Amino acid sequence: MKRAAFWAAFLLVAAGAFTYVWRTKDPLRNHPYLLPVWVKYNVRLLAHSHPAVAHAAWLELWNLYFTKWMVYQTFPALLDNAAPISFLVERESFPPGGDNAPAIEGFFARNKPIYYKTERVYCRTVGEALMAIMYREKKWAVDFQGDWQAWWQANGKSYR
């Protein structure tokens, strides 16, 4: 009986410690071995047929790209993914920032199907959705005029 009580208490404390470490350390986003797996998983989810799932993956990749250096370095290798996306990525203007920076038209994902009524459908593949995330970084010198490949040819040297 004592042995069963010990193991029950031990497993309960171990589960609590595991939960605490998982919530505070966030290993999916901070561990050097799990982070690439998490990025590849979310890139695969971008091609999910349900727009809400794909939209959530895009937001997760957006957050990872702008907060983790390792993800920043892996994005250019993932741009050749031609799988279609199911959510809408729209271009939206927002006001200028500091240092006399001009207003730019960034890309924002919407939790709507790609066939939603709009004239501004810019991204149709996973690679283009990843380029839309990279476009926000302000390293680009040539604006996007409807042709992602031309934009990448002009600005890709900044990412290599």
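Visitor: What share of the contacts with a separation of 6 or more in the protein comes from residues 24 or more positions apart?
Guide: Residues 24 or more positions apart account for 59% of those contacts, where contact means heavy atoms within 4.5 Å. This is a predicted model, in which local features need pLDDT of at least 70 and side-chain atom pairs count only at pLDDT 80 or more, while totals for chains, interfaces and linings use all residues. Residues are numbered from 1 along each chain as its sequence is written, and side-chain values use heavy atoms, with hydrogens and water left out.

Visitor: Okay. How many helices and strands are there?
Guide: The protein has 7 helices and 2 strands. Both are DSSP runs numbered from the N terminus: helices are H or I with at least four residues, strands are E with at least two.

Visitor: And what pattern do they follow along the sequence?
Guide: The pattern reads α-α-α-α-α-β-β-α-α.

Visitor: How much of the protein counts as buried?
Guide: Of its 160 residues, 34% are buried. Buried means under 20% relative accessible area, exposed over 50%, and partly exposed in between, with a 1.4 Å probe and protein chains only.

Visitor: How many residues are in the largest nonpolar core?
Guide: The largest nonpolar core holds 39 residues. A nonpolar core is a set of buried Ala, Val, Leu, Ile, Met, Phe, Trp, Tyr and Cys residues joined through side-chain atoms within 4.5 Å. Trp 58, Phe 87, Leu 130 and Trp 148 have the most contacts inside this core. At least two core residues come from each of α3 (34-45), α4 (51-67), α5 (69-74), β1 (87-94), β2 (104-113), α6 (126-135) and α7 (148-155).

Visitor: Which of them gives the most to this core?
Guide: That is α6, with 8 residues. In soluble globular proteins, nonpolar side chains tend to be buried together.

Visitor: Let's stay with Trp 148. What does Trp 148 touch?
Guide: Leaving out residues up to four places away in sequence, Trp 148 touches Phe 107, Tyr 122, Cys 123, Glu 128, Met 131, Ala 132 and Tyr 135.

Visitor: Now the helices. At what angle do the axes of α6 and α7 cross?
Guide: They cross at roughly 45° and come within 11 Å. Axes are lines fitted to C-alpha atoms, for helices over the stretch in contact, and angles run from 0 to 180 degrees between N-to-C directions. The angle makes α6 oblique to α7; under 35 degrees counts as roughly parallel, over 145 as roughly antiparallel, 65 to 115 as roughly perpendicular and the rest as oblique.

Visitor: Which residues make the contact, from α6 and from α7?
Guide: From α6 there are Glu 128, Met 131, Ala 132, Met 134 and Tyr 135, and from α7 there are Trp 148, Gln 149, Trp 151 and Trp 152. By class, this contact of α6 with α7 has 7 nonpolar, 1 polar and 1 charged residues. Ala, Val, Leu, Ile, Met, Phe, Trp, Tyr, Cys and Pro count as nonpolar, Asp, Glu, Lys and Arg as charged, and the others, Gly among them, as polar.

Visitor: What about α4 and α6, how do their axes cross?
Guide: The axes of α4 and α6 cross at roughly 40° and come within 10 Å, so α4 and α6 are oblique to each other. In α4, Trp 58, Leu 61, Trp 62, Tyr 65 and Phe 66 meet Ala 129, Leu 130, Ala 132, Ile 133 and Met 134 in α6. The residues of the contact of α4 with α6 are 10 nonpolar, no polar and no charged.

Visitor: And within what distance do the axes of α3 and α4 come?
Guide: The axes of α3 and α4 come within 8 Å, crossing at roughly 145°. The residues of the contact of α3 with α4 divide into 10 nonpolar, 1 polar and 1 charged.

Visitor: Is Val 39 buried or exposed?
Guide: Val 39 is buried, because its relative accessible area is 3%. Val 39 is in helix α3 and touches Leu 61, Leu 64, Val 71, Thr 74 and Leu 78, not counting residues up to four places away in sequence.

Visitor: Where is His 55 found?
Guide: His 55 is in helix α4, and counts as buried at 15% relative accessibility. With residues up to four places away in sequence not counted, His 55 touches Phe 87, Ala 109, Arg 110 and Asn 111.

Visitor: Last one: what does Ser 93 count as?
Guide: Ser 93 counts as partly exposed, because its relative accessibility is 48%. Ser 93 lies in strand β1. The C-alpha atoms of Ser 93 and Gly 106 are separated by 6.2 Å, with the two residues 13 apart along the chain.
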